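Welcome, and thanks for taking a look at this one with me. Please have the sequence and the 3D view open side by side as you read.

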Amino acid sequence: MREKVIRTYRKLIERKNEKQPFYNGIYDRWKYPVLTREHIPPEWRYDFSEEDNPFFMERLGVNAVFNTGAILFNEKFVLMPRVEGSDRKSFFAVCESDSGVDGFRFWDYPVRFDRIGDETNLYDMRLTRHEDGYIYGLFCTESEGTDGEAVASCGIVRTKDLLKFERLPNLKTDSPQQRNCVLHPEFVNGKYLIYTRPQDGFIEVGGQGGICGGLTDSMENAVISQERLIAPKRYHTVYESKNGEGIVPIRTEKGWIHIAHGVRNTAAGLRYVIYAFATALDDPFKVIAAPSGYLLAPQGADRIGDVSDVVFTNGAIVRNSTVYLYYGASDTRVNVVTMEMERLVDYVFSTPSECFNTYDSVEQRMQLIRKNKKIIKDREKR
């Protein structure tokens with residue numbers, strides 16, 4: 001049975017991915033997830049000793065692999081996903097691929113960090129190659145609060161080789177809880193800019209406003225004394241209930257492109273989608289473009305999993321003008337969409353912005369229809 005398990009595993013990681021026939025002019029979807037629980041090496045799950053495990057049982061099971069950090073490292077596509085064991089404990093692991101859409105192989109061992117306090121769980125890594133020379137990892141660290149509710153904070157590590165990680169003190173802000181923190185890749189006025197999402201409770205953001213940002217003098221002792229609101233949540237939008245910074249912002253000639261997640265409540269529960277906006281190159285706190293609606297929503301198999309109807313991104317890689325956007329699907333697997341940079345820029349800066357009410361939204365669509373009818377009529381006259 002051991003040989004069968006190993007053969008099945010090797011067949012999976014050697015499988016080539018295929019583009020789906022889906023078309024919206026923005027990105028390509030791929031047929032197979034790039035990471036699942038089955039991508040975890042068998043030696044991480046099974047005891048290979050015939051004496052200790054005569055029935056070759058899975059001793060340390062894996063429930064899901066999702067929500068991955070991403071970085072181009074030594075010309076390899078390197079991901080650091082959240083791996084959740086069957087014991088509900090999450091940890092980080094590093095895997096790499098030559099293509100970025102298939103063939104991901106995990107490095108020999110999971111990642112270990114120094115522990116701070118009574119941390120229970122770690123997850124949702126964002127990897128930033130900063131201009132100071134370090135690769136920083138910002139992630140969510142969870143502990144049990146005095147009232148039994150979980151308390152979320154922003155953990156910080158740094159590395160230069162993705163093998164040895166230096167644990168730095170957790171980010172300090174005035175917010176009771178912090179999640180979805182991302183480090184900007186460049187200095188801003190000589191300081192580090194960290195995007196935050198302050199919230200009152202572990203799940204509910206409460207009176208907090210949305211995606212914020214703040215400056216800190218150093219990462220060795222990161223302290224943000226003032227969080228400025230950048231992208232607020234707003235009534236009756238795809239980011240009505242809450243939103244959070246996703247990937248490390250991408251620098252373009254027109255501005256910084258941000259890809260984030262937005263959440264709204266439905267009769268079936270919370271629905272997570274991925275949306276985009278842009279901020280000014282000379283002022284990353286200033287939004288200069290914001291396409292209406294979502295960029296990516298749960299579709300097909302994406303909708304099914306441990307936490308259904310969720311897509312969530314915390315990692316993207318740009319290589320040779322192609323953007324590889326990795327996203328967790330329903331807290332179960334990692335998928336990827338790819339798009340040319342010029343298409344992403346066009347989408348962000350040329351797509352009509354949100355109208356915030358039905359009447360203006362209908363007029364916006366009618367303008368598009370009238371424009372197209374005129375184009376069709378003019379073509380028919382030729």
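This is a predicted model: local features need pLDDT of at least 70, side-chain atom pairs count only at pLDDT 80 or more; totals for chains, interfaces and linings use all residues.

1. Let us start with the overall tally. Searching the whole structure turns up 18 salt bridges. In general, side chains of opposite charge can pair when their charged atoms come close.

2. Glu186 has a relative accessible area of 25%, so it counts as partly exposed. Arg251 is also partly exposed, at 44%.

3. Next, have a look at Asp309. Its salt bridge with Arg271 has closest N and O atoms 3.0 Å apart. Arg271 lies in strand β20 (residues 269–280) and Asp309 in the loop between β21 (283–289) and β22 (311–319), so the bridge ties together parts 38 residues apart in sequence. Both Arg271 and Asp309 are buried; for Asp309 the relative accessibility is 13%.

4. Asp309 also meets the side chain of Arg303 in a salt bridge, at 3.1 Å from N to O. Arg303 is partly exposed, with a relative accessible area of 38%.

5. Finally, turn to the surface, where Asp118, Glu144, Asp147 and Glu149 gather in a patch of negative charge. Asp147 is found in the loop between β8 (135–144) and β9 (150–159). Its relative accessibility is 60%, over the 50% cut-off, so Asp147 counts as exposed.

Terms used. Residues are numbered from 1 along each chain as its sequence is written. Side-chain values use heavy atoms; hydrogens and water are left out. Patches are made of residues with over 30% relative accessible area and no salt bridge: like charges are joined within 9 Å, nonpolar side chains (Val, Leu, Ile, Met, Phe, Trp, Tyr) within 5 Å. Accessible areas come from the Shrake-Rupley method with a 1.4 Å probe; for residues, only the protein chains shown count as cover. A salt bridge is a side-chain nitrogen of Lys or Arg within 4 Å of a carboxyl oxygen of Asp or Glu. Lys and Arg count as positive and Asp and Glu as negative; His and the chain ends are not counted. The place of a charge is taken as NZ of Lys, CZ of Arg, CG of Asp or CD of Glu. Helices (H or I, at least four residues) and strands (E, at least two) are DSSP runs, numbered from the N terminus. Buried means under 20% relative accessible area, exposed over 50%, partly exposed in between (1.4 Å probe, protein chains only).
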